[in-house]
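Let's walk through this structure together, one piece at a time. Keep the sequence at hand while you turn the model on your screen.

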Amino acid sequence: MDVGETVEFALRRESFGEKEREAARHGALRASIFRFDTGVEAIRLANARGHVITLPFMGQMVWSAAFDGVELAMQSMFPTPRPAKIIVETYGCLAYHSGLLRNGVPGASDTHALHGEAPCADMDETGSPAEPTLEARGWR
């Protein structure tokens, strides 16, 4: 890959199976894809020191991260992500996107969901462009 050149990884739901499998590798960085027992698709990005698990079709949340033997996500009653429409149905992730339209705790006159519509947004398409850095993108 030339400097400044972008390689796009298109991700499809049917590519994610029950068994984790390597999808891409570059040097010490590996990306593997799998499906949790709950049916939620996941990507594990790993290097020699640890890994990050993201949920590309479920709001692109970061479910967990562990480096140097330390789990960075909170411990909760949800050991794995559950299909959900609102964040409190699957609390336990490390990070999520709050609402784009409105977010936060709704007041008495508000009509939006707790933390907005984005945390568990169902993505129609998702991909991951690899440049000098790696990021996740999604489209609805």
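Arg-30 stands opposite Ala-46, a residue of strand E4. Please keep in mind that you are looking at a predicted model. The pair belongs to the pairing of E3 with E4 (residues 41-47), where the two strands run in the antiparallel sense and are joined over 6 bridges. You can follow this pairing through other partners too: Phe-34 has Ala-42 of E4 as its bridge partner, and Arg-35 stands opposite Glu-41 in E4. Between the two strands of this hairpin lie 5 residues, and Gly-39 takes a positive phi near 95 degrees there.

Now look at the other neighbour of E3. Which strand pairs with E3 (residues 29-35) over 5 bridges? That is strand E2, residues 21-26, again in the antiparallel sense. Here Ala-24 is bridged to Ala-31 in E3. The hairpin of E2 and E3 has 2 residues between its strands, and Gly-27 has a positive phi near 60 degrees in this hairpin.

Going back to E4, you will find strand E5 (residues 50-55) paired with it over 5 bridges, in the antiparallel sense. Within this pairing, Arg-44 stands opposite Ile-53 of E5. How many residues lie between E4 and E5 in their hairpin? The answer is 2.

Strands of a sheet pair through backbone hydrogen bonds, and the pairing can be parallel or antiparallel. In this model, 6 strands make up an open sheet with antiparallel pairing, and their order is E2-E3-E4-E5-E6-E7. Why is one side of E2 and of strand E7 (70-71) left without a neighbour in the sheet? Both stand at the edges and each has a single partner strand, so there is no neighbour on one side.

Stepping back to the whole chain, you will count 9 strands and 0 helices. Of the contacts in the chain with a separation of 6 or more, 37% are between residues 24 or more positions apart. As for burial, 35% of the 140 residues count as buried. The accessible surface of the chain is about 8,700 Å², and carbon and sulfur atoms account for 54% of that surface.

Rolling a probe the size of a water molecule over the atoms shows where empty space is left. The second largest pocket has a volume of about 200 Å³. Its lining holds 13 residues, and those nearest the centre are Trp-63, Ser-64, Glu-71, Phe-78 and Pro-79. What kinds of residue make up the lining of the second largest pocket? There are 7 nonpolar, 5 polar and 1 charged.

Technical notes:
Residues numbered from 1 in each chain as written. Predicted model: local features only at pLDDT ≥ 70, side-chain atom pairs only at ≥ 80, totals over all residues. Heavy atoms only, no water. Helix = DSSP H or I, 4+ residues; strand = E, 2+ residues; numbered from the N terminus. Buried < 20%, exposed > 50% of the residue type's maximum accessible area, 1.4 Å probe, protein only. Contact = heavy atoms within 4.5 Å. Areas by Shrake-Rupley, 256 points an atom, 1.4 Å probe, with all protein chains shown as cover. 1 Å grid on protein atoms, 1.4 Å probe; cavity = no way out; pocket = protein on both sides within 12 Å on 5 of 7 lines; lining within 4 Å. Points joined across faces, edges and corners; volume = space filled by probe spheres on them. Nonpolar A, V, L, I, M, F, W, Y, C, P; charged D, E, K, R; others polar. Pairing = 2+ DSSP bridges.
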